[in-house]
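Open the model in your viewer and keep the sequence panel beside it. This tour tells you what to select next and what is there.

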Amino acid sequence: MLRSLVTGISSSPAPEWAANRLLVATCISNTQQRGRRRTLTPVPWLPPINEPAHSNSVPLNDTTKKLLEKVIEREGTRFGEELDNSKAAITDIGESTRRVGLVVRKIGMLPQWTTNGTRILCTVLEVVENNVVSVTSPEDWYKMSAIGKRKAFNRNGPMWKVTVGSINDDPTKYSVGYRRQFNRAGIPIKQKLGCFLVTEDALPQTGQSLDARHFVVGQYITATGKTIDWGFQGGMHRWGMRGQPTRRTTKSHRRIGSVGSVGDARIWPGKRMPGHMGYEWVTVSGLEVIRINNDKQVIYVKGSVPGDIGETILLKDCVQEEKKLKKGPLPTWIPSLETISEESEEEAAAEGTIPKELLHNETFSPKIFRFTSPSIVFTDADAKRAAGRDKTKAKIAKVKK
Amino acid sequence: MLRRSLGSLRSFSSKCKSEPQTASKSSNTIRKEANLVGHIAAFPEIYPDFLQSPVWNRRNALKEELERRDMLERRMNIDIPEFYVGSIVAVTSSDSNLGAKEHRFVGICIRREKEGLHHQFTLRNTIEGIGVEIMYDLYNPTIKKIETLKLEKRLDSDLSYLIDALPEYSTFDFHMEPLAHPAGTPIPINETKVKLKPAPWTRRWEIFGCAGIEDSWSGATPWFKRKLQKTKVNDYEKYDLVAAYREGSTLEHEVAVQKQIQKFENERHAAGLTRRRILRSAAAAK
Amino acid sequence: MSSATLPRIGVTIGHVAQKLKTGGIEPSRRARLEVLRRIVTRCVREERVELKWNRAVEARPYLERLIQLGVERGPLDEYTAEMMEWWLPERDLIVKMHEVIVPRFAEIQSPYTSLYRLPPKRLQQFIQNKREFWKRYDIGILEIDKNPFPPVLSENSAKNEESPNLLNLLLTDALKNNLEK
C-alpha cells in the first residue's frame, strides 16, 4: 500500500533496481604477474549498493511523521508468512552441491583457548536478521549480467543466484525500486545485500530467514569483504619491505631502494611500489568455525577476515576438497531441525552443574576450552614426545663393527 | 512535476538549515543509579579488564557483553584477587612439559594492559642475578591460582622502568609469606624511589616523568641531556580534556558492568553453584 | 568521591581530533589547544558566541567537560583546579565558572551547552592588487545554557508543527485514508 502511495507521488515510475546497475566485466587471465593486481570491484553478480530515497530531506511535520510510522508498522505486521519447510534436513552434502551463505557483520576479535592451553585469536561475526530476498534461475541472471554463460552453467551444473539481505532498516530511507524487491519477497527492508551462487538441490525459498546454525561448528568457511582503506602507503607498510638503516643515510629510511637493474633499463610491470593500500575485494578461505552462539546469532571464526570492525562480510562454505562440508543442514537450517541435536544437550545437562537457563545456547568445537569448566590440569600423557635425538646428550657416532 | 518542486524546496531549506543540538533539561540520574548499585570508586583500577577499549572503533555492545559473560564464567572457576601495578603476586600455572606439571612464579606486577579477554599482566623478579619478566593472560585457562602476596601500589601506574633499575628493586623471595591486607583500610602506597643503572637505558625514562625514579635527570648522559633540548616535551597534552575523555572510562559503563556482575553473582548464588564473590574492594570492605 | 569516574558528556565527539586553522600560531597540537582555549575563555565570558561551525563543534566538548568537572567535582578538587587554571587564564572567569555557571547545572544532566547552525556567511579574506578575495563560511552559535539572553529558537520553530509544505498536507491525507481502510 505504502509502495503504491509513494509511487504515485514521484513523477515517473522508478526504474527497476536491477536495470540501472553498473556491470563490470572481469577479465580473468592466467598469466603470472609480479606483485598483485588490485581487485576493487566485487564479483559482478553482487547487487549494487542501494540508492537512498530523494525525498529524505523533505521537512515532514510531526503529525505526518507519526502517521507514517503507524502505516509502516502496520505494513510490517504482514511479514512472516508460513513457508513450506518439509524439504529441509541435515543430510550428506554432495560433491557438487553449493549452499547459500550468510551476510554477517564483523563485531570484533576475541581470544579463545584450546583444551591444551593454546591461545586462538578469533573473529566474532554477528548474523543480523538474514533473509532470502530473491532466487533467480541461471538463464535469467546470466542474461542480465555481462559475465556470460560460463559462470551460470559451470562444472557444478546450473548455478542459481540467491540474494540475501541483512539488517532491517527504516523503509523511508530507500527508493521505490530498492524497496520493491523486498515487498515482492514479503520481508522487511534490508540495509545490506549479498549474492551467492547456489546449485538447484540447495535452493532456499524466497523470504526464508537464515540462521547462524546454517553453518556447523567445526566446518571451514570462506569470508569475503572489503579490506580496510589505508590510503596511499609506502613500500614498508604496503608490501612489508625492510626499509633502510636509520643511521648513516640521509633522507632514505623508509624508501624502497633499487627498482631495477642496468641491463634492461626500465621498471618491470608489477614492481612493488608505494600506492593505494586496502579497499580491495578480498576472499579468505579455510577459516574454521569454532563456536556458535545460537541465542545471540554470533559465529566465532578462527583467524581474521578481511575488513574493519562493523563491516559487512559474506560467509559461505569452503570449497576446497578436504575442507568441504560433508554433512549439514540442506538447503538451510530451520527451527524444526533443532530436535536432532537433543542428545548432546542431554549429555550437557547430565554432566554440567550450571542450569541451562543461566547459559546461552551455544555450540562449541570439542577442542575449545569452555569457560564454565575448571582450569586446565595436565597429566604425563600431555607432555610433548621428544621428536628425535635427545639433545641433552652428546652426539656420538655409532661405530659399526 | 512534483519531484521538481520538491527539489526546489530542498534547495531552499538547505540555504538556512539549523540543526540545533540543545542542552538537556533532564535531571542527573546516573549519580543516583551509581549510589543505588553501590558503585566502587576505584573500579578502573581494580577491574582494568572490565573497561572499554580506548579505540572507539572496537567498542561494540554485543561483543563486550559476550566477552564479559566469558570473563565472569572464568572468574567463577578461579579466584582472581585484587592486585595493582606494584603489588607482589604469585601465579601458579599448568605446564605440560614440566615434571611437576605446574609452575609457580612470584614477582612484582609491573604492567596491566588491554581490556576484556585480552587483558595481560606482567610479573618481574630477579632469579640468580638475571631479570625475568613473565607476561600472563589473565583469562588463560592454564592459570591455576593467582595470589596477592602483598597488596600495595607504587607511585606509577607502569613500572616498566624496573628493567633498567638496580636488581635489588626487583628481587623478591619465592617463599614469601602472604601479607594480609586489613579490610576497610586504603591500599598502601609504597613510596620507594628506585635508582637506575647508568645509561644507556631501554627507553628514555627521564622524559616520561616517572615519579618512582630517583633523580633520573642526573643519571642521563650529556648526549641525552643535549638531545632533550631538541625533543618536544608534550607537557601540554595533559590539558587536552577530550583526549583524556576519549581514552578514559565513563560512569555509565562502570555502573552497567557492575550491574551485570551483580546479576550474574546473584543468579549463581541462587542456583547454589558457588559462594564466590567477584565484586569486592579491599579498601571499601566493611 | 573526588577521583571517581565522571559520567559521559552529552555531546558527540569524533574518534580523532580535527585539525583547526590556527591563524598566526605555527600549526601544531599545542596551537590547536590554544585556539580552543581562546574559544572556551570567550564562551565562558560572553555565554553565547558566534563561530565558524567546525570550531564550534570542536570546542563544544571541551567546554562541556570543563563545566562537568566543576559540577561533579567542585572547586576543591586538584585536577579540576589545574584544568580550570589552564583553560580559563583570566582569574575572574574561574570565579564566574564556580559561582555563576556551575550552580545553574547542579542537578541537571549533561549537555550543558547548545549549538545552533546559522546560514553560511561570506567574509572578506584579503585584498590583493585591488582584487577582493571572499570565502564562504559555515557559522554556528555556541552557548552555555540558561544564559540571560533571549532564546535562539522561537517556541514555534522548535515545535516543527506548522510546515507550509504542500507535500505534508497531501501525505497526511493519504496516510489517514490508508489507516482508515
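**Stop one: the sheet of chain B**

Select strand β1 (residues 88-94) of chain B together with β5(B): they pair in the antiparallel sense over six bridges. Strands here are DSSP runs of E, at least two residues long, and helices are runs of H or I of at least four, both numbered from the N terminus. Two strands pair if DSSP finds at least two bridges between them. On this pair, find Ser93(B), which stands opposite Ile143(B) in β5(B).

Before moving on, note that this is a predicted model, in which local features need pLDDT of at least 70, side-chain atom pairs count only at pLDDT 80 or more, and totals for chains, interfaces and linings use all residues. Residues are numbered from 1 along each chain as its sequence is written, while chains are lettered from A and ligands numbered from 1 in the order in which they are written.

Now show the whole sheet. Five strands form an open, antiparallel sheet in chain B, ordered β4-β3-β2-β1-β5. β4 (130-137) and β5 (143-150) of chain B stand at the edges with a single partner strand each, so one side of each is left without a neighbour in the sheet.

**Stop two: where chain C meets chain B**

Select the contact between the two chains. It takes 35 residues from chain C and 35 residues from chain B. Two residues are in contact if their C-beta atoms, placed from the backbone, lie within 7 Å. On the side of chain C that touches chain B, the largest share, six residues, comes from β2(C).

**Stop three: chain A**

Chain A averages 81, and 80% of the residues score at least 70. Among its elements, helix α1 (residues 2-9) has the lowest mean pLDDT (35) and strand β13 (residues 298-302) the highest (97).

Go to helix α5 (residues 176-185) of chain A. Its buried residues include Tyr178(A), Arg179(A) and Phe182(A). Buried means 20 or more other C-beta atoms within 10 Å of a residue's own, exposed means 12 or fewer, and partly exposed lies in between, with C-beta atoms placed from the backbone. Just after α5(A), Gly186(A) takes a positive phi of about 70°.

Where does Phe153(A) lie? Select strand β5 (residues 153-154) of chain A to find Phe153(A). Phe153(A) is partly exposed, with 14 other C-beta atoms within 10 Å. Leaving out residues up to four places away in sequence, Phe153(A) touches Pro138(A) and Pro158(A).

Conventions
pLDDT is the predictor's confidence in each residue, from 0 to 100.
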